[in-house]
Amino acid sequence: MSLLAPGDKAPDFTLTSTDGSQVTLSDQRGRRVLLYFYPRDDTPGCTIEACGFRDNLAELAARGVGVYGINDDDVGSHRRFTAKYDLNFPLLADTDHGVIEAYGAWAKKEIRGRTIMCADRVTYLIDPGGDVEHVWPAVDPNVHVDEILARLDASA
């Protein structure tokens, strides 16, 4: 499946969050939502990316953006990852990868020397009406949050 494009309706979903609650995308209407898809909890690039969001969450919130990380790891893995790095935003478990596929982010990757299917590193900015506002494919976790903040400031 291909990536969604700006102007597309963001597929609605309900997934289990790190704290065990259910998060439904359509319940977030009225504010911008950043959905970032990433391959695996507690791997080098994914840790850099998650810590970037953690360290800049106040900046994102000040711009009216909520952040959710999504991959196919289970809630237990998300809880360990969150605790280890003191993450301050929800990670959502898509263990059957239906949401990841709906957003065109399911891909073959080599992780720790193994070839697996998992979430690709893709981020979507969803506008307050539930449409895709912007897509960042092939994300570089070292500069990603800076790119997002620059985009948000340019569109303000």
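**Salt bridges in a predicted model**

Me: Hi! Which residue forms a salt bridge with Asp153?
Reply: In this predicted model, Asp153 pairs with Arg63, and their closest N and O atoms are 2.6 Å apart.

Me: Where do those two lie?
Reply: Asp153 is in helix α5 (residues 144-154), while Arg63 is in the loop between α2 (57-62) and β4, so the pair ties together parts that are 90 residues apart in sequence.

Me: Is Asp153 buried or partly exposed?
Reply: Asp153 is partly exposed, with a relative accessible area of 42%. Arg63 is partly exposed too, at 26%.

Me: What about the Arg40 and Asp73 salt bridge, how far is it from N to O?
Reply: That one is 3.3 Å. Arg40 lies in the loop between β3 and α1 (44-55), and Asp73 in the loop between β4 (65-71) and α3 (75-85), so the pair links parts 33 residues apart in sequence.

Me: Why does Arg40 count as buried?
Reply: Because its relative accessibility is 17%, and buried means under 20%. Asp73 is buried as well, with a relative accessible area of 12%.

Me: New topic: what does Glu133 form a salt bridge with?
Reply: With Arg32, and the closest N and O atoms are 2.4 Å apart. Glu133 sits in strand β9 (residues 132-136) and Arg32 in strand β3 (residues 32-37), 101 residues apart. Both Glu133 and Arg32 are buried.

Me: And how many salt bridges are there?
Reply: The count comes to 9 salt bridges.

Notes:
Residues numbered from 1 in each chain as written. Predicted model: local features only at pLDDT ≥ 70, side-chain atom pairs only at ≥ 80, totals over all residues. Heavy atoms only, no water. Salt bridge = Lys/Arg side-chain N within 4 Å of Asp/Glu carboxyl O. Helix = DSSP H or I, 4+ residues; strand = E, 2+ residues; numbered from the N terminus. Buried < 20%, exposed > 50% of the residue type's maximum accessible area, 1.4 Å probe, protein only.
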